[in-house]
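Please open the structure in a viewer and keep the sequence at hand.

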Amino acid sequence: STRDSPPPPTAEALLAAIAELPAGMVADAPRGLFGTEPAAAGKIMDVLEGMEAGWKVGAGDETTEDIIARDIAPFAWRLEWTTLTILGAKRTRLAIEAPGKRGIVRIGRIAQAVGSSPVEAGAHDDDPRVASNTVVFSALGGAISGLFSLAARYAVEDGAATAPARRVRVERVGDARLTPEKLEKILGENMKLLTQIFDPTGWLDITYVDDVVRVGRDDKGNVFVLRREDPAE
């Protein structure tokens, strides 16, 4: 019966399951980029799917626009875990260091802020429908640190304003950029590969959001768990 049904899992339970994974090579780096053991991934997905099922009902008749404006856009978000991976030839070409794998480049914090676009987006600054996606990099043992940035504009899919999927269409704005220039020179032609990996163009389903985490699933089958950042962080 409904009375006997357990409450849906909480954001804290999801973060606890993610915290059981080995930490990244750099503080604040998301877990999952170099793969997640099947058993651990299954545990995370069980918690995540329980949260999604409960939120789908709880969100009720709120429009996707309202949810984005109230619960997502006012805040900065840090990627905690993802099924998007950088493995094999891609990792080797980008010279990215991973647990047990040599490299000269390390990936750190990956974050997103809606309504705040990178400087290179120019006229798109402060567009409430543009999101700034950033990836912190370091190289040569920390001798060089830099930032990869990419802006993307989103629009709620027609007919999906009150649909359970909460789907948005995402399109890249302008060119991706890696600063400082010497870090971009290290990657050379592989800058195109880096852009391809992190290009969000396509669609994204917002499947859960509260005041701690949000979850998205894209058209490539990737899952993203982002944690809301405290303004002081």
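A residue is called buried under 20% relative accessible area, exposed over 50%, and partly exposed in between (1.4 Å probe, protein chains only). This is a predicted model, in which local features need pLDDT of at least 70 and side-chain atom pairs count only at pLDDT 80 or more, while totals for chains, interfaces and linings use all residues. Residues are numbered from 1 along each chain as its sequence is written, and side-chain values use heavy atoms, with hydrogens and water left out.

From the N terminus on, the elements run α-α-α-β-α-β-β-β-β-α-α-β-β-β.

Next, select the strands. The eight close into an antiparallel barrel in the order 1-2-3-4-5-6-7-8. Strand 1 (residues 76-82) pairs with strand 8 (residues 223-228) in the antiparallel sense over five bridges; two strands pair if DSSP finds at least two bridges between them. Select Leu 79 here, and its bridge partner in strand 8, Leu 226.

Now move to helix 1 (residues 11-19), where Ala 11, Leu 14, Leu 15, Ala 17 and Ile 18 are buried. Seen down the axis of helix 1, its buried residues fall within an arc of 160 degrees, so they line one face of the helix; the arc is that of the directions from the helix axis to the C-beta atoms.

Finally, select Ile 186 in helix 5 (residues 181-187). Is Ile 186 buried or partly exposed? Ile 186 is partly exposed, because its relative accessible area is 32%.

Conventions:
Helices (H or I, at least four residues) and strands (E, at least two) are DSSP runs, numbered from the N terminus.
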